[in-house]
Amino acid sequence: MSTDNLKNFFEERIRAVENSDLSQDVKNLLITRTVDVVKQMSELGNAERRDLEDFRVRHFGKSGDITAFTRLIGTAPPELKRTLGALINDIRSAFENAFTLMENDVASREYAKRIQAEKVDVTLSKNVRREGTGGLNPITIVKNDIVSIFAGMGFSVVDGPEIEYTKYNFELLNIPADHPARDPGDSFYINPEIMLRTQTSCVQARTMETTAPPIRVVCPGKVYRPDEDATHSPMFHQIEGLVVDEHVTLKDLKAVLEQFAKRFFSADTSVRFRPSFFPFTEPSVEVDLSCAMCHGAGCRLCKGTGWLELLGAGVVNPAVLDMCGIDSAKYSGFAFGIGLERAAMVKYGIPDMRLLFDNDVRILSQFR
Amino acid sequence: MLVPIKWLKDFVDVDLAPEELADKLVSCGFEVEDIINAAGDIQGVYTAKILSVEKHPAADRLIVCKIAADKEYTVVTNNVWLKPGDIVPFAADGAVLHGGKKIYAGEVRGVRSDGMFTGGKDLNVTESDIRGAGEDKVLVLPDDTPVGIDFVKAMELDDVVLDIGITANRTDANGILGIAREVAAITGKPLKMPEDYIDIPTGNAINGKLEIVNEAPDLCPRYMAAMLTDVVIEESPTYIKRRLRAAGLRPINNIVDITNYVLLEVGQPMHAFDLKTIKGGRIVVRRAREDEKIVALDGKTYTLNPENLAICNAEEPMAIAGVMGGAGYSIFDDTAEVVFESARFKRDSVRRTSRSLGLSSDSSQRFSKGIDYYSQEAGLRKAVGMVVRHGWGKPVKGVIDSYPVPAPQRRVSYTAEDIENILGISVPEKFIVDVLNSLMIPTVRKGKRITSSVPAFREDIVGVNDIAEEVIRMYGYDSFDSSSVMQGALIAGEVTKAQEFTASVKNFMVGAGAYETLTYSFITPKAFDMLEMPADDPLRKAVVLTNPLGEDYSVMRTSMAHSMLKAVATNAIRLNKEARLFEIAKVFRPEKLPLTDKLPEEKQILVYAAYGDEDFYTLKAVFEELFAYLRIEAEFLPAEISYMHPTRTAKIFAGGKEIGYLGEVADKVVKAYGTDKRVYLAEVDCDYLTEHASRYTGFKPVSKYPPVERDLALITDESVAATDILKAVRLAADSALLTDARIFDVFVGPQLKIAGKKSVAVRLTFRSNERTLVDAEVNELIDKILKKLAETLGIKLR
């Protein structure tokens with residue numbers, strides 16, 4: 001209710017009082033007090049909560065003058081009690097309404113003031129870790145991606161030791177004692193029978209030794225070879241895959257790797273086999289994927305060929321199956337090995353493998 | 001392996017463009033790494049005949065030559081000795097010389113010159129290609145050189161060389177002949193053996209002059225020798241020298257050059273001895289005696305031992321078998337009788353000897369890859385044939401062949417269906433038979449059964465899988481479509497609990513703002529001193545590599561501390577203001593050293609480090625939250641570790657086991673790594689975490705009733721540990737109603753006015769699942785707690 005409305009309302013009440021049958025004394029009392037309180041009220045204007053409280057106590061408290069109106073009812077003659085009561089109630093409730101409005105007004109002014117006081121510069125940054133929010137190593141990211149693709153195709157994940165018997169790294173993989181691959185220039189040795197594994201294929205042999213087909217596993221892990229340059233690190237990571245079952249063929253290998261390539265890079269990725277050689281697979285193939293960057297048109301990443309060399313694979317050599325205790329007359333299999341550093345370098349466009357082992361947070365913070 | 005196409009043409013009429021041939025080789029398993037133009041950059045150089053020579057009108061030291069090439073030109077040169085009739089290389093306007101230098105026509109002191117004459121260096125030819133090419137002046141070509149044609153063609157330098165990567169199984173392809181066999185099969189053209197692969201005349205004559213005693217057939221399964229008399233030692237003809245030089249071999253004389261030529265063509269390393277150095281007329285193939293010495297062709301003296309195979313005469317070693325000949329037993333200018341050795345030495349024996357002596361040669365490298373039994377005879381035939389063809393000597397009748405255990409003829413028998421079972425596609429029987437025959441693997445079909453007789457040069461072919469590979473590499477790997485009919489049981493992919501929780505821990509650490517590092521498993525043995533580990537610290541027991549890449553990478557880490565401190569230092573030294581880093585990797589803890597037959601324990605360790613806006617409690621919070629996340633109850637107790645701050649380090653215990661530690665790294669250790677930051681470090685047994693972590697522990701109802709919180713301000717001795725106060729509180733309450741007890745403030749200082757004491761504020765939360773708690777029962781519990789604290793720890797209410 002605005003002050004004008006308030007005044008109008010009280011003028012109405014005052015006229016009602018004047019026109020009533022009340023004694024002149026009572027009329028005067030009601031009118032002067034009401035006019036006085038209205039005047040005080042209109043002076044409250046931009047009052048604070050404390051002024052309002054004072055006002056309430058003064059006029060509506062136990063000894064307040066508006067409260068005192070009620071006592072008039074007792075002094076009035078019986079025939080006027082009803083009239084007086086009605087008038088006083090009217091006046092009282094009008095005051096209370098007006099007062100509530102003023103209280104609301106004060107509350108909203110207080111709120112606006114607090115909100116202003118609480119203003120922050122939303123463009124300012126505080127408490128942010130300068131080097132970012134933490135992140136997985138690109139090798140872990142790539143490994144997780146690859147593992148989950150193969151897990152979706154029914155592959156389980158198996159692990160094996162990094163310090164390994166030559167038996168698992170060589171003999172059981174059809175790499176006999178006189179094979180050039182056993183040269184100390186190509187492997188780290190601890191003694192003639194124990195070495196750092198040069199390939200995750202060891203886990204193939206270990207798995208086949210202990211597990212009856214059907215086998216469908218991937219083995220991610222660290223491997224070691226004495227090379228160090230922009231494309232070689234003495235420690236690096238591979239994921240080995242192995243399937244052994246009845247009727248497994250080279251064609252199945254191609255289909256599985258094609259599925260992998262399409263999910264790891266993009267749906268239009270295609271797969272090309274080139275004949276190659278690994279002692280533990282026969283036939284052996286190098287697997288090229290159509291270039292992730294130029295999609296086969298030829299670019300810097302694929303050195304203009306349109307193809308990226310990413311993994312080696314093949315049909316498990318029956319000699320390996322037999323050595324590991326699996327009947328090669330009944331079962332066949334395929335295996336593949338993916339270099340994770342190479343996969344990460346291709347996926348993220350990292351020019352030098354050594355950067356993956358640099359551990360500078362400015363590099364690490366680039367991957368999620 | 002460098003394969004000049006002209007040399008290949010000695011065996012096959014290749015008419016494909018080099019690029020086309022390369023593509024075909026690649027698709028058949030021979031990776032062509034490079035296609036090299038033998039003439040290099042040279043372009044626009046022609047053979048020209050000088051017609052006339054006149055003095056330059058304006059310069060005494062210049063002459064003006066009229067020359068005939070494709071037409072007449074004028075050339076100004078300072079080679080004033082040139083005369084009419086000389087045939088010289090003429091670089092015309094726009095010609096490119098070796099090294100990319102370009103030639104333009106121009107005026108020389110007022111006389112126009114259409115180009116220039118060049119010397120051997122500018123044309124990348126040497127004295128061994130054309131006499132005079134080594135001199136620093138214009139090269140005068142032989143009189144019979146055709147005039148007016150491209151110099152590169154005239155000198156037969158117009159060759160293309162394929163650089164082919166040979167896979168380890170195809171030892172037979174480490175020679176021109178082996179590649180030629182493949183090219184013949186690929187192109188469908190016949191393989192023609194050059195005429196100089198002669199049949200050495202049969203007879204016994206050689207036996208009267210030479211005896212072979214093979215005392216070490218385990219290291220030398222076959223030793224062949226042939227002999228020539230009336231030998232003339234002279235310089236080799238240009239084609240031999242040029243081919244050797246293109247392969248990086250130095251021409252020496254006709255006989256030595258032949259051995260190298262055969263090495264390149266057949267892939268068989270050979271050796272030539274002067275018969276007169278073979279004392280006693282006897283070649284003894286035996287293990288060297290301990291400390292036996294030989295001066296090799298490189299002039300150095302090598303001390304041999306019984307691990308090394310030696311080719312000896314009746315008295316002393318003449319050659320280190322397969323590695324290098326001795327200086328005194330070679331071919332000399334007056335050599336008249338030559339013995340050619342063509343042997344098979346075991347590849348690992350040659351490799352070991354070469355490595356242990358630190359002596360490598362083209363021969364040892366070739367032997368190390370493995371030699372087949374076909375090549376000894378082929379090499380000998382070619383070597384003797386070359387001598388005969390050039391009239392450099394007469395063959396002695398007969399060949400000596402020490403071959404105690406001949407390799408059996410291998411046959412592989414199979415059906416087309418067997419091939420299909422391997423490949424997953426059906427290849428016509430006729431294709432199988434034809435292609436194997438074209439690869440010189442004699443193959444016949446009888447009904448459904450196909451039988452292949454494996455030739456001696458294909459030792460890689462053992463079973464039907466090898467046959468399948470031969471078939472598919474020729475049939476084409478692009479004949480697969482992408483369908484799969486993979487049969488067999490349905491398998492659900494499985495991830496172990498350890499793998500699953502390792503991933504969880506990593507994700508948690510990322511959530512804590514940490515980046516995952518990647519550090520080498522091998523470290524420097526100095527690490528243990530840098531970490532000031534006591535001499536008897538079990539972590540000093542590290543596995544040592546026998547052939548590391550250097551001392552810095554020579555032992556397998558037993559803890560992650562060193563690797564992580566290095567990663568921290570990398571960042572601090574590069575002025576990165578802060579970093580939180582973590583890694584989960586294996587450490588290697590052997591039971592005893594040196595390792596004998598037992599592999600070391602491999603343990604996954606979670607390592608974490610932080611510097612920047614960090615303190616002990618930011619570090620500890622990460623791990624308290626991690627343990628809560630994994631539902632592992634852990635306790636932190638003060639501890640001392642050699643490389644950690646003595647009063648800011650805790651060991652972590654769980655399930656009654658020590659599972660790790662955390663704290664601030666001692667400042668002098670941090671300095672040893674090259675930084676002065678305060679570094680916080682933790683290592684935790686990740687295997688324990690993944691084994692004991694649990695994801696879901698059963699549903700627990702939550703209380704509908706309000707909690708009652710009480711704060712207690714306690715005064716205690718400064719030495720009392722927070723964990724002991726909380727333990728005493730829980731023990732005293734001995735009630736499920738006490739749902740939480742934590743210390744929210746610790747205050748030590750003069751305001752407390754009691755020396756040696758501290759104020760500890762504890763907040764206790766009580767709550768029941770069944771009812772609203774009343775003050776009386778909470779008060780009763782508080783009284784019990786206070787009583788216990790006073791009794792056991794002397795703690796009072798403030």
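Residues count from 1 along each chain as its sequence is written, while chains are lettered from A and ligands numbered from 1 in the order written. Because the model is predicted, local features need pLDDT of at least 70 and side-chain atom pairs count only at pLDDT 80 or more, while totals for chains, interfaces and linings use all residues.

**Stop 1: where the chains touch.** Select both chains. Helices are DSSP runs of H or I, at least four residues, and strands are runs of E, at least two, numbered from the N terminus.

**Stop 2: domains of chain B.** Colour domain 2 (43-154) and domain 5 (497-692). Their bounds come from an automatic or database assignment. Their C-alpha centres are 73 Å apart.

**Stop 3: a sheet in chain B.** Show S11-S14-S17-S18-S19, an open sheet of five strands with mixed pairing. Strands pair if DSSP finds at least two bridges between them. S11 (211-214) and S19 (324-325) of chain B are the edges; each has a single partner strand, so one side of each lacks a neighbour in the sheet. Zoom in on Ile320(B): its bridge partner in S19(B) is Met324(B).

**Stop 4: strand S9 of chain A.** Select residues 307-316 of chain A; nine of the ten are buried (20 or more other C-beta atoms, placed from the backbone, within 10 Å of their own). Eight bridges join S9(A) to antiparallel S8(A), residues 281-290. Five bridges join S9(A) to S10(A), residues 332-339, also antiparallel. Finish on Ala313(A), opposite Phe336(A).

Conventions:
A residue is buried if 20 or more other C-beta atoms lie within 10 Å of its own, exposed if 12 or fewer, and partly exposed in between; C-beta atoms are placed from the backbone.
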